[in-house]
Structures are given as structure tokens and as C-alpha cells.
Amino acid sequence: MIDLPDTSKNVCISLSGGLDSTVLVHALVKKYGKDKVKALSFDFGQRHNIELDMAKLTASQLGIEHNVYKLDYLRDIALNTSALIAGSDLKPKTAEENAGDPQVNTYVPFRNLQFAAITAAYAEAKDCETIFQGLNAVDEYGYWDTSSLFTDAVNNVLMLNRMNPVQLVAPFVDLYKEDELRLAKELSIHFGYDILESTWSCYNGKSEEHNFKECGVCNTCTEKLTGYIQAGYDNSVILDTFNIDQATIDEISENI
């Protein structure tokens, strides 16, 4: 389903703990082996910081090198402009509320560019020639920094490095959530456990309000939920993951 480049060197991935990067890091370990995969996560004061716990769990399960870097400055910069920052007065919008907006209110200014730059710096220092991000086609409508144009532009900058050029690869940039979730099924069989149990995508975080499940109504939940349905996951699995009822599944299924 995805084409990963051949390399004799280490590879490095920005691992958020969400669906995209978790599926991708498992694909990398399958391709390159755990000793060649290095993962970086970023604590930038995100509202859903449970994703960092998921990233740590995934790295531990895979036995890969994993580092978490605090980016407090990003929290300070984006507090009043992004609903994704904990403590912000803004709240993540639902898919319906975001409909038609060219940029959703959970966008964090230049986040993916900063992640790419830090990951590239780490890669250069750790003898990696390839870095990966789990950017995907679904997010492009509201996040300009998830597109193929973005990855091409970043690579143009990275190739200016005279001594140690690093390449950014985003294998999911033309794929949708359902494609990733089908790949997740294959990878779960390969690794012998459900790799999705170590993911968290919901921007509202884990709370009693949503029965400690992903809320099912924020923008990222709607995308992930639709992908689960399109990829043919059992309703019981979907209901265990999202704070929704069977009627919601039926309604989405009818409109797909």
C-alpha cells in the first residue's frame, strides 16, 4: 500500500501518538528493523497530551529509541490562537462547525514545519538520511502544512545542506484514513497485537465527559471514525473507541 525508500542508514520519525504516525512507525519497523528506527515526540502544551503517553507506549512495544522534547515556546506563541493548546479559551470545533473554513481552529502556526526542522536536525546528528511524517490527504483541507506541496517545499530546503542532506518522506500524503486503517489491520497481524490500541487522536483529550473515549464529534474524531467505518471495522470496536451510539454509525454509513 505504501512505498518506503531503501536505505542502509537509520530513519527518524515524528511520532505524535495519533493514528497516522503510529501506523507509519509500525510500517517503518517492519521495513527497516527496530534498531534503525528513531522516534521523536514533541510536548508543545497540546490539549490532548494523552497522545504523548500513547507515543511512549508504542515506542516501548516496538523497542525503538524514543525522545520527547518540550517546546514550551510554541505553547506560549499559540495559546490565544489555537484551540489545540491546553488552557486556550478556544475550544476544538466539530466537523460541522469547521465546514468551509480554509484553516481549522486547531491549527498551530507552522507546527509541522518546526517538527520537520527539529527532526531533520536530529537525523543529521544521528546519521539518518530520511525523516518521516504521518501527513495525510484528509487533513489538507484545513492544514496547509500537510500537503504534498508542503513536503516538496521542505525537501527543497533540506537539500541545500552541503554535507548531510536529509529527505522528508510522507508516505500517507495521498492516502485517506480508511487506507491507513486497512494498513493498520495488516500491521496488527504482522506484530501480533492491535496497534490501534496505542493511539489517541481526539483533540478534546481523555475525560469523564466522553466516557474516557475519543469524543467522536471533534474534527479529527469525525475523520478517524469515518475511516473506521469505511475500512470495515466491527461496530463493537468502533463503539469501544468513540463516545457514540449505533445510530451515529448508521447515519455516517448511509452518507458515505
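Which side chain does the side chain of Thr199 make a polar contact with? Hold that thought while we look around. This is a predicted model, in which local features need pLDDT of at least 70 and side-chain atom pairs count only at pLDDT 80 or more, while totals for chains, interfaces and linings use all residues. Residues are numbered from 1 along each chain as its sequence is written, and side-chain values use heavy atoms, leaving out hydrogens and water.

Start with the open sheet: five strands in the order β3-β2-β1-β4-β5, paired in parallel. Strands here are DSSP runs of E, at least two residues, and helices are runs of H or I, at least four, numbered from the N terminus; two strands pair if DSSP finds at least two bridges between them. At the edges sit β3 (65–70) and β5 (167–169), each pairing on one side only. Strand β1 (residues 10–14) joins β4 (residues 128–132) through four bridges, and Asn10 has Cys128 as its bridge partner in β4.

Now for Val37. Its contacts (heavy atoms within 4.5 Å) include Val11, Ile13 and Ile64, not counting residues up to four places away in sequence.

Back to Thr199, found in the loop between α7 (177–191) and α8 (219–230). Thr199 is buried, with a relative accessible area of 6%, where buried means under 20%, exposed over 50% and partly exposed in between (1.4 Å probe, protein chains only). The answer to the opening question is Lys224, at 3.3 Å. A polar contact is a pair of N or O atoms within 3.5 Å; within protein, one must be able to donate a hydrogen and the other to accept it, and residues adjacent in sequence count only if both atoms are side-chain atoms. The Thr199 side chain also reaches the backbone oxygen of Leu196 at 2.8 Å.
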